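Q: I would like to go through this structure with you, starting with a pair of helices. Could you take my questions one at a time?

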Amino acid sequence: MPIKIKKKIRFEDVQSEFFTTLNHSYHQTNAYSESSINFRRQSHIDRKCICTNESFTIFVDNIPVIFFSCMRTSENKTIGLNVFGGRPCIAIQNEKLITIKMEKLFVKEVSVLIENTQGTIHHRDFLINGNLSTLSKYLLKMGADSRQIYTQVIDLNKEESEIKRGIRKSYSSLINWGLRELNVKIYTKKDVSWEVVNEYRKLHILESGKETRTEDSWRRQFTMIESGDAFLVTGGLNGSMISAGFFPCSLDSCYYGASASNRDLFDKPIFHALLWVAILHAKSIGCKWFEVGEQLYPSISQPSTKELGISQFKAGFGGTTKAFMDIELSVP
């Protein structure tokens with residue numbers, strides 16, 4: 001069987017071949033799609049950080065066997081491997097086709113990248129089928145540190161009524177209140193405009209009390225919606241946007257990316273209805289999974305009161321808590 005390596009390959013170019021071979025319990029995140037990476041890259045560009053794509057895939061008879069998504073980022077004389085904005089690099093492998101020979105070839109390629117690194121290699125293992133990836137085992141043998149992280153995922157293959165039963169009881173009245181009192185609208189590539197995204201941007205600035213990122217970064221998000229890689233859900237009142245959420249999506253998966261709400265207007269939480277509408281929309285466009293977001297626990301990550309509150313809010317929408325593993329190797 002001829003084995004070859006393709007460099008600088010995109011997540012979209014290999015994802016379908018990989019994920020059709022994985023079991024149903026694995027959700028395919030689109031956080032590594034080209035549009036998502038370009039959005040996160042903007043923050044590095046704004047800081048004059050040099051970024052180069054080091055992704056590669058090992059193919060056997062033109063079938064991908066191991067895919068490695070990573071970027072080299074150079075800033076302040078530090079060179080690290082990750083995928084922008086704190087997103088760790090990933091390695092996905094086809095257990096049915098991988099051999100010891102292919103694993104050795106993969107490790108050889110990774111070791112060359114490590115030799116040219118003077119910082120931190122940050123890798124996230126999705127523990128597909130409960131197994132550590134070849135990259136995880138290699139980095140751990142090299143002395144890397146590891147910690148488990150948790151995320152809340154809703155199975156959209158279930159009926160809407162079953163998904164709704166998984167929601168925290170106290171949320172039902174809040175969702176109904178939002179659907180009744182707010183003008184909730186979904187913006188997709190069919191009808192999105194920069195004016196709408198810019199209004200969301202201004203709402204975010206109002207909530208944050210400052211502009212946390214550049215307009216170019218917001219235009220990246222606009223481009224994601226225009227290209228069908230995300231959608232926006234807004235809540236309006238008296239002609240003004242008072243709440244909004246941004247949701248990146250793929251053919252298989254959707255996740256809660258970011259949101260902003262003018263909390264001074266009501267004594268009731270106003271985003272519950274928008275998140276519920278987003279979950280239903282993701283299901284309607286064929287997504288199988290909806291990733292609500294990271295779950296934090298006081299004894300593990302020592303989160304702030306605000307962070308713990310956000311985690312508890314996300315958990316209230318039901319679903320399953322899945323464990324990933326973050327691995328970091330510091331290279332002197």
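Q: In which sense does α3 pass α4, right-handed or left-handed?

A: The crossing of α3 past α4 is right-handed. A crossing is called left-handed if the near helix is turned anticlockwise from the far one by less than a right angle, and right-handed if clockwise. Please note that this is a predicted model, in which local features need pLDDT of at least 70, side-chain atom pairs count only at pLDDT 80 or more, and totals for chains, interfaces and linings use all residues. Residues are numbered from 1 along each chain as its sequence is written, and side-chain values use heavy atoms, with hydrogens and water left out.

Q: At what angle do the α3 and α4 axes cross?

A: The axes of α3 (residues 100-115) and α4 (residues 134-141) cross at roughly 55 degrees and come within 10 Å. That makes α3 oblique to α4. Angles under 35 degrees count as roughly parallel, over 145 as roughly antiparallel, 65 to 115 as roughly perpendicular and the rest as oblique. The axes are lines fitted to C-alpha atoms, for helices over the stretch in contact, with angles from 0 to 180 degrees between N-to-C directions. Helices (H or I, at least four residues) and strands (E, at least two) are DSSP runs, numbered from the N terminus.

Q: Which residues in α3 meet α4?

A: Glu-103, Phe-106, Val-107, Val-110, Ser-111 and Ile-114 in α3 meet Thr-134, Leu-135, Tyr-138 and Leu-139 in α4, where contact means heavy atoms within 4.5 Å.

Q: Changing topic, which residues of α7 are buried?

A: They are Trp-194, Val-196, Val-197, Asn-198, Tyr-200, Arg-201, Leu-203 and His-204. Buried means under 20% relative accessible area, exposed over 50%, and partly exposed in between (1.4 Å probe, protein chains only).

Q: And what covers the buried residues of α7?

A: The cover includes β10 (183-187), α8 (215-226), β11 (230-237), β12 (240-248) and β14 (258-261).

Q: What follows α7?

A: Gly-209 follows α7, with a positive phi near 85 degrees.

Q: Is Ile-186 buried or partly exposed?

A: Ile-186, which lies in strand β10, is partly exposed because its relative accessible area is 26%. Not counting residues up to four places away in sequence, Ile-186 touches Asp-191, Phe-231, Leu-232, Val-233, Val-277 and His-281.

Q: Why does Gln-221 count as buried?

A: Gln-221, in helix α8, counts as buried because its relative accessibility is 2%. Leaving aside neighbours within four places in sequence, Gln-221 is in contact with Phe-39, Arg-213 and Phe-246.
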